[in-house]
2 protein chains.
Amino acid sequence: MRAISGLSAFPITPSDADGRVDADALRRLLEPLAAAGVDSIGLLGSTGTYAYLSRDERRRAVAIAAEAIGGRVPLLVGIGALRTDEAIRLAQDARAAGADAGLLAPVSYTPLTEVEVEAHFSAVAEAGRLPLVLYDNPATTHFRFSPDLIGRIARQPGIVAAKCAAPDPAHAAAGVAALQAAVPAGFPIGFSGDWNVTEALIAGGAAWFSVAGGLFPQTCLAIVRAVAAGETERARMLNAELEPLWTLFRTHSSLRVVYAMADLMGLCRAEPPRPIQPLPPEVVAEIARTVRHLSLS
Amino acid sequence: MRAISGLSAFPITPSDADGRVDADALRRLLEPLAAAGVDSIGLLGSTGTYAYLSRDERRRAVAIAAEAIGGRVPLLVGIGALRTDEAIRLAQDARAAGADAGLLAPVSYTPLTEVEVEAHFSAVAEAGRLPLVLYDNPATTHFRFSPDLIGRIARQPGIVAAKCAAPDPAHAAAGVAALQAAVPAGFPIGFSGDWNVTEALIAGGAAWFSVAGGLFPQTCLAIVRAVAAGETERARMLNAELEPLWTLFRTHSSLRVVYAMADLMGLCRAEPPRPIQPLPPEVVAEIARTVRHLSLS
């Protein structure tokens, strides 16, 4: 597959109360992303609730997505699991169902050591036979990568990129440089945490792994393309316009906010998997006002 | 069932590389606990790797344990899961297989709110129809209970006790008092984190949920009984003798250390589920020296 770059759009995975994926709703979410020409789609990311879905439903979701996208856009798929053997099976499933790469986060219950995480990545890369994106998200996995460890894993066969939490914008240049110094030249490091990403892209980040991009691909593509064209101030201006959205994400979590937005936009009526709850009506009303006020597309 | 008190012994759950529980090895671990007269057995706790085992294997483990214990000692069973519906099924399974109570930890991937955790407990208590012990272990669940939330959940129907991380011994009295002030009078609050528990018991903690107790029930019962008899200094002396063991637990994690110890003691040859790795030979040698030096039983 092509090197990972640009906008990677991360949609929710609509499912019912029993954890069964809603195929029609998933297609409705994916079609505008492929049509907008995002650079990749990140299925079953954290916002895609991969951790809450069974192996069967994850396999179904990949098959539904691969068919809906029809090769128009590379498909990244979250294959993280607590057990190494389960992550290997999920990588094999995703590959068989049409994924182009896997996103592997070191999901933990018992806190893991660096040695354990390194071995986990090499085992899944080798036996899963799917190109892997190292997925660093300490807020959900509770494992904190050192730049050195990212560098060692980036040198393993089969590891094609890293998805890291974007540094605080005030320190974006130093944060991005420290990561890039740890990996081989040209190894793509992209970022998530929508509200912090624009500065990380300006500082040389290879990609934006975006929750907002899962609903508003054009809006997010405009920022990515402005950065790529060297129009830094335009990128910053576009990002500043989205500050009300970023405030909602920071306050209520991007996952809960995009569930409410997908409902408000008529794309699906799904709720997040319990115990995660939908946001209360007063917050949904605030989200509705924000969506109306911004010109998101 | 009787109110939870005294020593609750938490053994490992020996399983093979595919996550299949070793019934014979589990029986070999359980028999000395029941014979020693521990006050309860905590099957499938964090050290019992509940988070890493399938629903089928967890059900099998409970059935094996219930049969092995034969009603001699109350059986607590970890029923935590990321999804509320899964935790309900696990509670129902555990009840059907002979558990006396469930241990429910708010396992998380997406960080949870207090409202979500409160609803999770009430849903599982109601639909699971198994008395529940609130299990607070922020190092693994990444959810931090406030004393107020523990108090609200303690007042829900079906919640019979709480298992909390023992406060730092220097602040044991204040820490235990703050928790007891939040719950109804007489609601049992017990503690885990072996190296900190003796002072929490002296400060009025109702029970010791013990990893060491899963291998050395007599050694741990001696401390619990000394505290119960008001022999505070004797309890402190016995605990001080175990400091080399506590140092190993703090340094290498109690889970990894007890796997090595069960092997050294000839009880089973199981390794923890990957990605968790067995300790390296030089640490195992240090553990062997410590076990020989201490008179553990």
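User: How many nonpolar, polar and charged residues has the lining of the largest pocket, and what makes a residue count in one class or another?

Analyst: The lining divides into 18 nonpolar, nine polar and 15 charged residues. Ala, Val, Leu, Ile, Met, Phe, Trp, Tyr, Cys and Pro are taken as nonpolar, Asp, Glu, Lys and Arg as charged, and the others, Gly among them, as polar. The structure is a predicted model in which local features need pLDDT of at least 70 and side-chain atom pairs count only at pLDDT 80 or more, while totals for chains, interfaces and linings use all residues, and side-chain values rest on heavy atoms, with hydrogens and water left out. Residues are numbered from 1 along each chain as its sequence is written, and chains are lettered from A and ligands numbered from 1 in the order in which they are written.

User: What makes this a pocket and not a cavity?

Analyst: On a 1 Å grid over the protein atoms alone, a cavity is a set of points where a 1.4 Å probe fits but cannot get out, whereas a pocket is an open set with protein on both sides within 12 Å along at least five of seven lines. Lining residues have an atom within 4 Å of a point, and by that test 42 residues line the largest pocket, with A51(A), L53(A), E86(A), A51(B) and E86(B) lying nearest its centre. Its volume is about 1,100 Å³, where volume means the space filled by probe spheres set on the points, which are joined across faces, edges and corners.

User: Which helices supply at least two residues of the lining, and which gives the most?

Analyst: Helix 2 (55-69) and helix 3 (84-97) of chain A do so, together with helix 2 (55-69) and helix 3 (84-97) of chain B. Helix 3 of chain B gives the most, with four residues. Helices (H or I, at least four residues) and strands (E, at least two) are DSSP runs numbered from the N terminus.

User: How do you know which residues the annotation "active site" covers, and how are they placed in space?

Analyst: The UniProt annotation, from an unreviewed entry, covers Y135(A) and K163(A). They are spread over 29 residues of sequence, yet they cluster in space, the largest C-alpha distance being 4.8 Å. UniProt positions are given in the numbering used here, feature names are shortened, and annotations may be inferred rather than shown by experiment. Y135(A) belongs to strand 5 (residues 132-135) of chain A, and K163(A) to strand 6 (residues 159-165) of chain A.

User: Why is K163(A) said to have a polar contact with Y135(A)?

Analyst: Their side chains are joined at 3.3 Å, and a polar contact is a pair of N or O atoms within 3.5 Å of which, within protein, one must be able to donate a hydrogen and the other to accept it (residues adjacent in sequence count only if both atoms are side-chain atoms), so the pair qualifies.

User: Why is Y135(A) called buried?

Analyst: Its relative accessible area is 3%, and buried means under 20%, exposed over 50% and partly exposed in between (1.4 Å probe, protein chains only), so Y135(A) is buried. Contact means heavy atoms within 4.5 Å, and, not counting residues up to four places away in sequence, Y135(A) touches residues including S46(A), Y50(A), F121(A) and Y109(B).
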